[in-house]
Amino acid sequence: CSYSKTTNTVSPQLNYTHVEEVLLDYAFSPDGTTLSIYTNEGVYLYDLATMDKTTIVRFEDKNYQPLYKSGAIAYSHDGLQMALSGRFEDEPIKIFDTDSLEHISTISLGISGYVVTELEFSPTNESIVIRNTWDSGCDHGPQDKLVLYNFVTQEIAFEVDKCAIYPPIRFHFTKDKNLFLYLQSMSPEYSAYFVDSSTGAINENPCEWGEEDGFFGSSSEANVQLLKKCVPAETLNKIHAKGNILLFSNINRYVIKNYSLETSEGEFPVELWEKGEKVCEFETIRGYPPMKASANEQVFAFGNSHLIEHNIYDYRLFVWNVDSCEKIGVWQFDSG
């Protein structure tokens, strides 16, 4: 691929963007001012105040691996770096300076046949979680593999994997800098544990935070089961949903995809809750992409997919201001 920086200015009044490319991943800058879009043709930055578009990467090869939704993007928590994976097997992860947009370093895992599908920096920016999907000879299909890579030692500090990519390994970074991992198969049994995000050592006493603490909202969707390890039952009972939760750093504030209120179109309301009370309701959601938020919790997004014809979807990404419950913009992508 080629790397360049070009800017296209769009009217500040325009909040609807149509892109004839395949959406592979997206991420918010920690301060919530920039939306980064990763497609099969390139990587773009949108200023959410002006809707100015900056192209930082253009891919010469527009192909991708649709089974895995290959390709991932993430910001460091200090906002100084951005990580971009490749879209094909064995491609390294490139780290960019967010100010100059120059390529500054590369991560090569040395795992043959893997495809990177998700990235997440630790709160200390010392390490990064890399989700890999790869054909490892498992009886039930591709293998789901998480790697915790340490930038200081330039080595893998921790790794865990399981046969089958569904359900995926769930993970979150906590405010005390642990990495929480939740592994489950199709059966009810599951395992959950915490890992030191710097050393990779398993923490035997992970639940030493107060009621106002919680998880970083910049992580991807989490199942309510992730809370059972440390959160009191009375707090869990306030979460009135059987489904996915976007957790903010305060466990009393969260966004839910409410499976208990399915509409006739098979969609589900998206709601902001605080201290057990619903604050506001956003548009309904169905399908991909998953919910994500900026690290400062000011903006979040979710997607809605529609089948156009066999194996061809269009995706809409809705971006919202959390405090005002107002829509900032809509990005539509045509997968055909």
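Predicted model: local features only at pLDDT ≥ 70, side-chain atom pairs only at ≥ 80, totals over all residues.

A: First, the term: a salt bridge is a side-chain nitrogen of Lys or Arg within 4 Å of a carboxyl oxygen of Asp or Glu. Residues are numbered from 1 along each chain as its sequence is written, and side-chain values use heavy atoms, leaving out hydrogens and water.

Q: Where do Glu-118 and Arg-131 lie?
A: Glu-118 is in strand S11 (residues 114-121) and Arg-131 in strand S12 (residues 127-134), so the pair ties together parts 13 residues apart in sequence. Strands (E, at least two residues) are DSSP runs, as are helices (H or I, at least four), numbered from the N terminus.

Q: Is Arg-131 buried or exposed?
A: Arg-131 is buried, at 8% relative accessibility. Glu-118 is buried too, at 16%. The cut-offs: buried is under 20% relative accessible area, exposed is over 50%, partly exposed is in between (1.4 Å probe, protein chains only).

Q: How many salt bridges turn up in the whole structure?
A: The search finds 9. Among them, Lys-145 meets Glu-159 at 2.6 Å, N to O. Lys-145 sits in strand S13 (residues 143-150) and Glu-159 in strand S14, so parts 14 residues apart in sequence are tied together. Lys-145 is buried at 5%, while Glu-159 is partly exposed at 43%.

Q: Which residues join into one network?
A: Glu-21, Glu-41, Arg-58 and Lys-62, through salt bridges that share partners. Within it, Arg-58 pairs with Glu-21, closest N and O atoms 3.9 Å apart. Arg-58 is in strand S6 (residues 53-58) and Glu-21 in the loop between strand S2 (16-19) and strand S3 (23-28), so this pair ties together parts 37 residues apart in sequence.

Q: Cysteines now. Which ones form a disulfide?
A: Cys-280 and Cys-325, with sulfur atoms 1.8 Å apart. The cut-off for a disulfide is two cysteine sulfur atoms within 2.5 Å. The whole structure has 1 by this search.

Q: Where does each cysteine sit?
A: Cys-280 is in strand S23 (residues 277-281). Cys-325 is in the loop between strand S26 (312-321) and strand S27 (326-334). They link distant parts of the chain, 45 residues apart.

Q: Why is the disulfide called left-handed?
A: Because the torsion about the S-S bond of Cys-280 and Cys-325 is about -70°.
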